[in-house]
Amino acid sequence: TAFPQAIGLSATFNPELMKEVSTAIAKESKLRGIRQILTPVVNLASDVRWGRTEETYGEDPFLTSVMGLNFVSSFENQGIITTPKHFLANVGDGGRDSYPVHWSRRYLEETHLVPFQKAFQQGKSRSVMTSYNLLDGRPSTANYWLLTEKLKKDWDFKGLVISDASAVGGANVLHFTAKDYGDASAQSMNAGLDVIFQTEYKHYELFIPPFLDGRISSERIDDAVSRVLRSKFELGLFENPYVSQKDIHELNKIYHKPLAEKTAVESFVLLQNNHQMLPISEKYKKILLVGTDAVDARLGGYSGPGNKKVSILDGIKDFAKNKNIEVFYSKGIDWNLKTFT
């Protein structure tokens, strides 16, 4: 089921509804055999120019904490590991992603760290994903203060720390804080990372040397492995690794569309209604929609293609067809803008 994007869920200002939604998603996930999800994004969207703003719960630490807590607890209660991300401060000045961030520790303690601490200590999240950016001159993925001192010691986090996709190598090719991939691997693991997340299996060849030549101690390797194994034992994956036909049958009976529609309605926020334009008076007989978003039926980032989608244009046409209202559409300017030099 495609529910509204995270920013829409947050706009409901309804924690109980978030709990209903997350419970529904968790049920669908578990019946498919999914036992860990790489979500939610509890970064604070401090700059709307950031391209991942829609994945967040907004800019407020309190609202983000409340929504994040009500999201992760449903999954953890159903035996699915949640992975709040991206640890930490994934958005830099001007909305730049994967960029150097130079914020004081006091500021981080009062803002960006708050939703993560709530997710771990109250929501019982058992995993966390590091971010691509630098934090005070060190990659978050290789930041000892962040991953070991703050997370594992101060907060007593017992779960596993996983990098964002290909983030470990960023120290070598993006931030230039490591001389090669092996050095980047050693720095990250020694800083407290437990899982190196890559996009291709053969990439292990780039990162394996320090595991074999002593640059990463056996104690650190044992700690990382134990955190992964503990999670697998807690999930019961060694006893019951697969879903059953009964699970598949149960999945096919699920119908969460009414909940998705209810959530979408609550996510709408009307900022102004000058001259009482809405709801549209029956005296108006023509409506013009402009822009490609009216026909694209977007489901948001990381979503699949969707089934039986209804675009804004089709939805309004269906609503207006028996009301003697004509609906017109104009493409206007699309997203494929040419670059002028």
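Which helix holds both K150 and D154, and how many residues apart are they? Both lie in helix α6, residues 144-154, and they are four residues apart, about one turn of the helix.

## Overall composition

The model described here is predicted. The protein has 15 helices and eight strands. Its C-alpha trace spans about 80 × 60 × 40 Å along the principal axes.

Of the 341 residues in the protein, 45% are buried. Among contacts with a separation of 6 or more, 77% are between residues 24 or more positions apart.

## Packing of helix α2

Helix α2 covers residues 15-31, and its axis comes within 9 Å of the axis of helix α12, residues 245-253. The two axes cross at roughly 145 degrees, and the crossing is left-handed. On the α2 side the contact is made by K27, E28 and L31, and on the α12 side by D247, I248, E250 and L251.

Helix α2 also packs against helix α3, residues 61-77, where the axes come within 8 Å and cross at roughly 30 degrees. This crossing is right-handed. From α2 the contact is made by P15, M18, K19, S22, T23, I25, A26 and S29, and from α3 by V66, M67, N70, F71, S73, S74 and F75.

## Salt bridges

The whole structure contains 20 salt bridges. One of them joins the side chains of R126 and E76, at 2.7 Å from N to O. R126 lies in the loop between α5 and β3 and E76 in helix α3, so the pair ties together parts that are 50 residues apart in sequence. Both partners are buried: R126 has a relative accessibility of 18%, and E76 has a relative accessible area of 10%.

The side chains of K150 and D154 in helix α6 meet in a salt bridge at 3.4 Å, N to O. K150 is buried, with a relative accessible area of 7%, whereas D154 is exposed at 52%. Another salt bridge links D293 and R298, whose closest N and O atoms are 2.6 Å apart. Here D293 is partly exposed, with a relative accessible area of 37%, and R298 is exposed at 53%. A network of salt bridges links K152, D194, R220, D223 and R227.

## A buried leucine

L88 is placed in the loop between β2 (81-82) and α4 (105-110). Is this loop residue L88 buried or exposed? L88 counts as buried because its relative accessibility is 0%, and the cut-off for buried is under 20%.

Beyond its neighbours within four places in sequence, L88 is in contact with L108, H112, L113, F116, S131, N133, L135, S140 and L146. The C-alpha atoms of L88 and Y181 are 22 Å apart in space, and these two residues are 93 positions apart in sequence.

## The loop between α13 and β7

A nonpolar surface patch of about 480 Å² is made by L270, M277, L278, I280 and Y284. L270 is located in the loop between α13 (257-267) and β7 (286-290). With a relative accessible area of 54%, L270 is exposed.

The loop between α13 and β7 also holds H275 and P279. H275 is not a glycine, yet its phi is positive, at about 60 degrees. H275 is exposed, with a relative accessibility of 77%. P279 is joined to L278 by a cis peptide bond with omega of about -5 degrees.

## Other backbone features

Most residues other than glycine have a negative phi, and most peptide bonds are trans. A cis peptide bond is found between T39 and P40, with omega of about 10 degrees. P40 lies in the loop between β1 (36-37) and α3.

K124 is a residue other than glycine with a positive phi, near 65 degrees. The loop between α5 (114-121) and β3 (127-129) contains K124. K124 counts as exposed, at 53% relative accessibility.

Technical notes. Residues are numbered from 1 along each chain as its sequence is written. This is a predicted model: local features need pLDDT of at least 70, side-chain atom pairs count only at pLDDT 80 or more; totals for chains, interfaces and linings use all residues. Side-chain values use heavy atoms; hydrogens and water are left out. Patches are made of residues with over 30% relative accessible area and no salt bridge: like charges are joined within 9 Å, nonpolar side chains (Val, Leu, Ile, Met, Phe, Trp, Tyr) within 5 Å. Accessible areas come from the Shrake-Rupley method with a 1.4 Å probe; for residues, only the protein chains shown count as cover. A salt bridge is a side-chain nitrogen of Lys or Arg within 4 Å of a carboxyl oxygen of Asp or Glu. Helices (H or I, at least four residues) and strands (E, at least two) are DSSP runs, numbered from the N terminus. Buried means under 20% relative accessible area, exposed over 50%, partly exposed in between (1.4 Å probe, protein chains only). Contact means heavy atoms within 4.5 Å. Axes are lines fitted to C-alpha atoms, for helices over the stretch in contact, and angles run from 0 to 180 degrees between N-to-C directions. A crossing is left-handed if the near helix is turned anticlockwise from the far one by less than a right angle, and right-handed if clockwise.
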